[in-house]
Amino acid sequence: MFKILDRTEEIVAVALLAGTVIAVLMGAIGRSIGHPVPAGPEIAQLLLIWTCMFGADLMIRSGEHIRISALPDALPPSGRRVLHSLCVICMLGFLAYCGWLGWKLAMSNWAREMGASGLSYGWVTLAFPVGCALMILSLLRRIVGHGLLYAIEPETRNGEQLL
């Protein structure tokens, strides 16, 4: 089941990125020929935030998110386990809190229109809680699949951990 979800997520992320590029391109071409597309920047904004959230989840899922490894590398294995556990707990808590606040923001923005496009601004703000939920799921999957110590470490090409 997760293989289908993972592949679907990758396809959606690429489609959203392509849509963002097309929206910006159409807006630029329209302006240059004297026929601007008023909804172009709004559509690009909508697609870009969704692209960012899906992209962030893809990076969490593969362990390629931003991290600073100087302190963990300097610690003994027991200290590294404690630090990694603390980091994973903080990440999960932060994502849950941001997702909750993002959900409240999205629900309060459904009546607000995005100007020329007429779309609800709730679609823009909904990307954040959806992205947080996907990242929580991916992080939990990494904990179950790789263990707590390796949950936030990148993988090599053959699936082995770098540590």
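Colleague: In which hand does helix 4 pass helix 5 in their crossing?

Modeller: A crossing is called left-handed if the near helix is turned anticlockwise from the far one by less than a right angle, and right-handed if clockwise. In this predicted model, helix 4 passes helix 5 in a left-handed crossing. Residues are numbered from 1 along each chain as its sequence is written. Because the model is predicted, local features need pLDDT of at least 70 and side-chain atom pairs count only at pLDDT 80 or more, whereas totals for chains, interfaces and linings use all residues; side-chain values use heavy atoms, with hydrogens and water left out.

Colleague: At what angle do helix 4 and helix 5 pack, and how far apart are their axes?

Modeller: Helices (H or I, at least four residues) and strands (E, at least two) are DSSP runs, numbered from the N terminus. Axes are lines fitted to C-alpha atoms, for helices over the stretch in contact, and angles run from 0 to 180 degrees between N-to-C directions. Helix 4 (residues 77-108) and helix 5 (residues 122-146) have axes 8 Å apart and an angle of about 155 degrees. Angles under 35 degrees count as roughly parallel, over 145 as roughly antiparallel, 65 to 115 as roughly perpendicular and the rest as oblique. Helix 4 and helix 5 are therefore roughly antiparallel to each other.

Colleague: How is the packing of helix 1 and helix 2 to be read?

Modeller: Helix 1 (residues 2-32) packs with helix 2 (residues 40-62) at about 150 degrees, the axes being 8 Å apart. That makes the two helices roughly antiparallel. Their crossing is left-handed. Asp-6 and Glu-9 of helix 1 are among the residues making the contact, as are Trp-50 and Arg-61 of helix 2. The division is 13 nonpolar, four polar and five charged.

Colleague: What does the side chain of Asp-6 make polar contacts with?

Modeller: A polar contact is a pair of N or O atoms within 3.5 Å; within protein, one must be able to donate a hydrogen and the other to accept it, and residues adjacent in sequence count only if both atoms are side-chain atoms. The side chain of Asp-6 makes such contacts with the side chains of Arg-61 (2.6 Å) and Arg-141 (2.8 Å).

Colleague: Is Asp-6 buried or exposed?

Modeller: Buried means under 20% relative accessible area, exposed over 50%, partly exposed in between (1.4 Å probe, protein chains only). Asp-6 counts as buried, at 15% relative accessibility. His-65, in the loop between helix 2 and helix 3 (70-74), is likewise buried at 14%.

Colleague: How does helix 2 pack with helix 5?

Modeller: Helix 2 and helix 5 pack at about 5 degrees, with axes 8 Å apart. That makes helix 2 roughly parallel to helix 5.

Definitions and conventions: Contact means heavy atoms within 4.5 Å. Ala, Val, Leu, Ile, Met, Phe, Trp, Tyr, Cys and Pro count as nonpolar, Asp, Glu, Lys and Arg as charged, and the others, Gly among them, as polar.
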